Amino acid sequence: MGKGIKEYIKYNFHIYKQMYHIATSKVCIIDSYIIPISVLKHKKSLYVLQIWHSIGKIKMSGYQTLGHRKSTSVFDFENNKKTAMIMQMHKNYNNIIAGGKSFNEFYCKSFNCDESLILNYGLPRIDVLLRDEVKTKKAINKKYPDTTKKPNVCYLPTFRKYDVPELKDFVNGFDFEKFNLIIRCHPNQKVEFNCDKLMNLDGFSTIDILSVADYVITDYSAVALEAMVLDKKIIYYLFVFK
(Lines give C-alpha, C1' and ligand atoms only; values in the text may rest on other atoms or scores of the structure.)
Protein backbone atom coordinates (compact mmCIF):
# COMPACT_ATOMS: atom_id res chain seq x y z
CA MET A 1 0.00 0.00 0.00
CA GLY A 2 1.39 3.39 -1.01
CA LYS A 3 1.11 6.72 0.78
CA GLY A 4 -1.38 9.54 0.21
CA ILE A 5 -5.13 9.94 0.48
CA LYS A 6 -5.80 8.35 -2.93
CA GLU A 7 -3.88 5.23 -1.98
CA TYR A 8 -5.73 4.92 1.33
CA ILE A 9 -9.13 5.27 -0.40
CA LYS A 10 -8.07 2.71 -2.98
CA TYR A 11 -6.98 0.34 -0.21
CA ASN A 12 -10.34 0.74 1.56
CA PHE A 13 -12.12 -0.50 -1.57
CA HIS A 14 -9.63 -3.36 -1.69
CA ILE A 15 -10.61 -4.30 1.87
CA TYR A 16 -14.29 -4.38 0.91
CA LYS A 17 -13.42 -6.72 -1.94
CA GLN A 18 -11.54 -8.95 0.50
CA MET A 19 -14.54 -8.96 2.85
CA TYR A 20 -16.81 -10.14 0.02
CA HIS A 21 -14.52 -13.04 -0.86
CA ILE A 22 -14.07 -14.00 2.79
CA ALA A 23 -17.85 -14.04 3.34
CA THR A 24 -18.50 -16.18 0.26
CA SER A 25 -15.63 -18.66 0.63
CA LYS A 26 -15.14 -21.90 2.52
CA VAL A 27 -11.34 -21.65 2.57
CA CYS A 28 -9.05 -18.61 2.59
CA ILE A 29 -5.34 -19.09 1.87
CA ILE A 30 -3.26 -16.01 2.65
CA ASP A 31 0.46 -15.21 2.63
CA SER A 32 0.57 -11.92 4.58
CA TYR A 33 -1.35 -9.99 7.23
CA ILE A 34 -4.92 -9.45 5.97
CA ILE A 35 -6.87 -6.95 8.08
CA PRO A 36 -10.43 -8.35 7.53
CA ILE A 37 -9.26 -11.89 8.36
CA SER A 38 -7.88 -10.86 11.73
CA VAL A 39 -10.34 -8.13 12.74
CA LEU A 40 -13.72 -9.58 11.77
CA LYS A 41 -15.76 -12.38 13.27
CA HIS A 42 -16.24 -15.11 10.69
CA LYS A 43 -18.66 -17.96 10.10
CA LYS A 44 -17.60 -21.16 11.89
CA SER A 45 -17.27 -23.06 8.60
CA LEU A 46 -14.51 -20.76 7.28
CA TYR A 47 -11.03 -22.30 7.25
CA VAL A 48 -8.08 -19.86 7.14
CA LEU A 49 -4.64 -21.12 6.16
CA GLN A 50 -1.66 -18.80 6.56
CA ILE A 51 1.19 -19.90 4.28
CA TRP A 52 3.25 -16.70 4.75
CA HIS A 53 5.52 -15.58 1.92
CA SER A 54 8.79 -17.10 3.00
CA ILE A 55 9.90 -20.71 3.08
CA GLY A 56 11.55 -20.08 6.44
CA LYS A 57 12.16 -17.54 9.19
CA ILE A 58 15.21 -15.29 9.00
CA LYS A 59 14.11 -11.85 10.21
CA MET A 60 11.63 -10.68 12.82
CA SER A 61 8.04 -9.96 11.83
CA GLY A 62 4.62 -9.51 13.43
CA TYR A 63 4.69 -9.61 17.23
CA GLN A 64 8.46 -10.02 17.24
CA THR A 65 8.85 -6.43 16.02
CA LEU A 66 6.79 -4.75 18.74
CA GLY A 67 8.87 -2.25 20.67
CA HIS A 68 11.66 -2.12 18.11
CA ARG A 69 12.40 1.33 16.73
CA LYS A 70 13.62 -0.03 13.41
CA SER A 71 11.61 -2.66 11.60
CA THR A 72 11.52 -4.12 8.09
CA SER A 73 7.76 -4.57 8.31
CA VAL A 74 5.52 -2.98 5.67
CA PHE A 75 2.93 -2.18 8.35
CA ASP A 76 4.04 0.71 10.56
CA PHE A 77 1.64 -0.26 13.34
CA GLU A 78 3.63 -3.42 13.99
CA ASN A 79 5.93 -1.23 16.06
CA ASN A 80 3.00 -0.15 18.22
CA LYS A 81 1.79 -2.83 20.62
CA LYS A 82 -1.49 -1.07 21.45
CA THR A 83 -2.45 -0.67 17.80
CA ALA A 84 -1.42 -4.24 17.01
CA MET A 85 -3.71 -5.55 19.74
CA ILE A 86 -6.64 -3.42 18.54
CA MET A 87 -6.10 -4.70 15.00
CA GLN A 88 -5.94 -8.30 16.31
CA MET A 89 -2.80 -8.80 14.26
CA HIS A 90 -2.44 -12.35 12.88
CA LYS A 91 -5.56 -13.72 14.59
CA ASN A 92 -8.20 -16.15 13.27
CA TYR A 93 -5.79 -18.60 11.60
CA ASN A 94 -6.78 -22.26 11.68
CA ASN A 95 -3.32 -23.36 10.61
CA ILE A 96 0.03 -21.87 9.64
CA ILE A 97 2.37 -23.53 7.15
CA ALA A 98 6.07 -23.60 8.01
CA GLY A 99 9.13 -25.52 6.89
CA GLY A 100 11.23 -27.53 9.33
CA LYS A 101 10.39 -27.72 13.01
CA SER A 102 13.44 -25.61 13.84
CA PHE A 103 11.42 -22.60 12.61
CA ASN A 104 8.41 -23.30 14.85
CA GLU A 105 9.59 -21.31 17.87
CA PHE A 106 10.01 -18.19 15.76
CA TYR A 107 6.73 -18.61 13.88
CA CYS A 108 4.97 -18.87 17.26
CA LYS A 109 6.59 -15.63 18.41
CA SER A 110 5.82 -13.85 15.13
CA PHE A 111 2.15 -14.87 14.96
CA ASN A 112 1.64 -15.04 18.74
CA CYS A 113 0.18 -18.52 18.36
CA ASP A 114 0.42 -21.98 19.86
CA GLU A 115 2.67 -24.49 18.13
CA SER A 116 -0.31 -26.81 17.59
CA LEU A 117 -1.46 -24.50 14.75
CA ILE A 118 1.76 -25.00 12.78
CA LEU A 119 2.00 -27.57 9.99
CA ASN A 120 5.57 -28.37 8.92
CA TYR A 121 4.81 -28.97 5.26
CA GLY A 122 6.90 -26.30 3.56
CA LEU A 123 5.74 -24.28 0.56
CA PRO A 124 5.04 -25.60 -2.97
CA ARG A 125 7.52 -22.96 -4.16
CA ILE A 126 10.36 -25.35 -3.30
CA ASP A 127 9.04 -27.91 -5.79
CA VAL A 128 8.61 -25.21 -8.45
CA LEU A 129 12.17 -23.95 -7.92
CA LEU A 130 13.70 -27.38 -8.40
CA ARG A 131 11.40 -28.40 -11.24
CA ASP A 132 11.69 -25.24 -13.36
CA GLU A 133 15.29 -24.12 -12.75
CA VAL A 134 16.73 -25.34 -16.08
CA LYS A 135 13.73 -24.19 -18.15
CA THR A 136 13.71 -20.73 -16.53
CA LYS A 137 17.45 -20.31 -16.98
CA LYS A 138 17.18 -21.08 -20.71
CA ALA A 139 14.36 -18.54 -21.08
CA ILE A 140 16.36 -15.79 -19.35
CA ASN A 141 19.54 -16.56 -21.32
CA LYS A 142 17.57 -16.37 -24.57
CA LYS A 143 15.98 -12.99 -23.76
CA TYR A 144 19.12 -11.56 -22.12
CA PRO A 145 22.18 -13.10 -23.87
CA ASP A 146 24.58 -11.02 -21.76
CA THR A 147 23.73 -13.26 -18.80
CA THR A 148 25.82 -16.00 -20.46
CA LYS A 149 28.96 -13.89 -20.96
CA LYS A 150 30.07 -13.35 -17.35
CA PRO A 151 29.24 -14.77 -13.92
CA ASN A 152 25.98 -13.29 -12.63
CA VAL A 153 25.80 -11.65 -9.22
CA CYS A 154 22.23 -11.17 -7.98
CA TYR A 155 21.87 -8.52 -5.29
CA LEU A 156 18.55 -9.05 -3.51
CA PRO A 157 18.22 -6.72 -0.48
CA THR A 158 15.25 -6.91 1.85
CA PHE A 159 12.58 -4.23 2.38
CA ARG A 160 13.45 -0.93 4.07
CA LYS A 161 11.02 1.84 5.03
CA TYR A 162 13.74 4.47 4.67
CA ASP A 163 16.56 5.42 2.28
CA VAL A 164 19.54 3.08 2.38
CA PRO A 165 22.70 4.72 0.98
CA GLU A 166 24.56 1.40 1.29
CA LEU A 167 22.62 0.10 -1.72
CA LYS A 168 24.10 2.75 -4.00
CA ASP A 169 27.53 2.43 -2.36
CA PHE A 170 27.48 -1.23 -3.29
CA VAL A 171 26.76 -0.44 -6.95
CA ASN A 172 29.45 2.25 -7.11
CA GLY A 173 32.07 -0.20 -5.84
CA PHE A 174 31.08 -3.16 -8.01
CA ASP A 175 33.49 -4.72 -10.53
CA PHE A 176 31.48 -4.72 -13.78
CA GLU A 177 34.51 -5.91 -15.78
CA LYS A 178 34.42 -9.37 -14.19
CA PHE A 179 30.74 -9.82 -13.28
CA ASN A 180 27.19 -8.98 -14.34
CA LEU A 181 25.15 -7.32 -11.62
CA ILE A 182 21.43 -8.02 -11.33
CA ILE A 183 19.58 -6.00 -8.70
CA ARG A 184 16.02 -6.70 -7.62
CA CYS A 185 14.81 -4.62 -4.67
CA HIS A 186 11.66 -5.35 -2.70
CA PRO A 187 8.54 -4.44 -4.77
CA ASN A 188 7.40 -2.00 -2.06
CA GLN A 189 10.67 -0.10 -2.22
CA LYS A 190 11.54 2.04 -5.22
CA VAL A 191 15.27 2.71 -5.58
CA GLU A 192 16.74 4.46 -8.62
CA PHE A 193 20.33 3.70 -9.58
CA ASN A 194 22.25 5.97 -11.94
CA CYS A 195 24.09 3.12 -13.65
CA ASP A 196 23.43 1.78 -17.15
CA LYS A 197 25.46 -1.38 -16.51
CA LEU A 198 22.88 -2.83 -14.15
CA MET A 199 20.66 -5.69 -15.27
CA ASN A 200 17.06 -5.88 -14.05
CA LEU A 201 15.78 -8.78 -16.18
CA ASP A 202 12.30 -7.32 -16.68
CA GLY A 203 9.65 -9.94 -17.25
CA PHE A 204 11.08 -12.37 -14.72
CA SER A 205 10.36 -12.59 -11.00
CA THR A 206 12.92 -12.51 -8.22
CA ILE A 207 12.56 -16.26 -7.82
CA ASP A 208 13.08 -16.72 -11.58
CA ILE A 209 16.37 -14.84 -11.67
CA LEU A 210 17.85 -17.14 -9.07
CA SER A 211 18.16 -19.70 -11.85
CA VAL A 212 20.90 -17.66 -13.59
CA ALA A 213 22.66 -16.54 -10.41
CA ASP A 214 26.21 -17.66 -9.76
CA TYR A 215 26.30 -15.62 -6.55
CA VAL A 216 23.43 -14.27 -4.45
CA ILE A 217 24.10 -11.29 -2.21
CA THR A 218 21.48 -10.34 0.35
CA ASP A 219 21.16 -9.01 3.89
CA TYR A 220 18.21 -10.15 5.98
CA SER A 221 15.99 -11.41 3.16
CA ALA A 222 14.56 -14.91 3.29
CA VAL A 223 15.30 -15.19 -0.43
CA ALA A 224 18.57 -16.69 0.82
CA LEU A 225 16.58 -19.83 1.63
CA GLU A 226 15.35 -20.12 -1.96
CA ALA A 227 18.94 -19.63 -3.14
CA MET A 228 20.02 -22.36 -0.74
CA VAL A 229 17.46 -24.75 -2.24
CA LEU A 230 19.13 -24.19 -5.64
CA ASP A 231 22.60 -24.63 -4.10
CA LYS A 232 23.71 -21.10 -4.98
CA LYS A 233 26.72 -19.39 -3.43
CA ILE A 234 25.34 -16.89 -0.88
CA ILE A 235 27.05 -13.78 0.47
CA TYR A 236 25.55 -11.76 3.32
CA TYR A 237 26.07 -8.01 3.10
CA LEU A 238 24.87 -6.97 6.55
CA PHE A 239 25.07 -3.22 6.93
CA VAL A 240 24.24 -1.65 10.27
CA PHE A 241 20.95 0.18 11.01
CA LYS A 242 21.52 3.88 11.69
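**Basis of the model**

Helices (H or I, at least four residues) and strands (E, at least two) are DSSP runs, numbered from the N terminus. The model is predicted: local features require pLDDT of at least 70 and side-chain atom pairs pLDDT 80 or more, whereas totals for chains, interfaces and linings use all residues. Residue numbers start from 1 along each chain as its sequence is written, and side-chain values use heavy atoms, with hydrogens and water left out.

**Helix α1 and the surface**

Ile-5 belongs to helix α1. With a relative accessible area of 62%, Ile-5 is exposed; exposed means over 50%, buried under 20% and partly exposed in between (1.4 Å probe, protein chains only).

**Helix α4**

In helix α4 (residues 104-111), the buried residues are Asn-104, Tyr-107, Cys-108, Ser-110 and Phe-111. They lie on the same side of α4, because their arc around the axis is only 165 degrees, taken from the directions from the helix axis to the C-beta atoms. Their packing partners are β2 (47-50), β3 (95-98) and β4 (118-120).

Beyond its neighbours within four places in sequence, Phe-111 contacts Gln-50, Trp-52, Tyr-63, His-90, Tyr-93 and Ile-96; contact means heavy atoms within 4.5 Å.

**Nonpolar cores**

A nonpolar core is a set of buried Ala, Val, Leu, Ile, Met, Phe, Trp, Tyr and Cys residues joined through side-chain atoms within 4.5 Å. The largest has 31 residues, and those with the most contacts inside it are Ile-37, Val-48, Tyr-93, Ile-96, Tyr-107 and Phe-111. Two or more residues each come from α1, β1 (27-30), α2 (35-39), β2, β3 and α4. Apart from this core lies another of 16 residues, including Cys-154, Met-199, Val-212 and Val-223.
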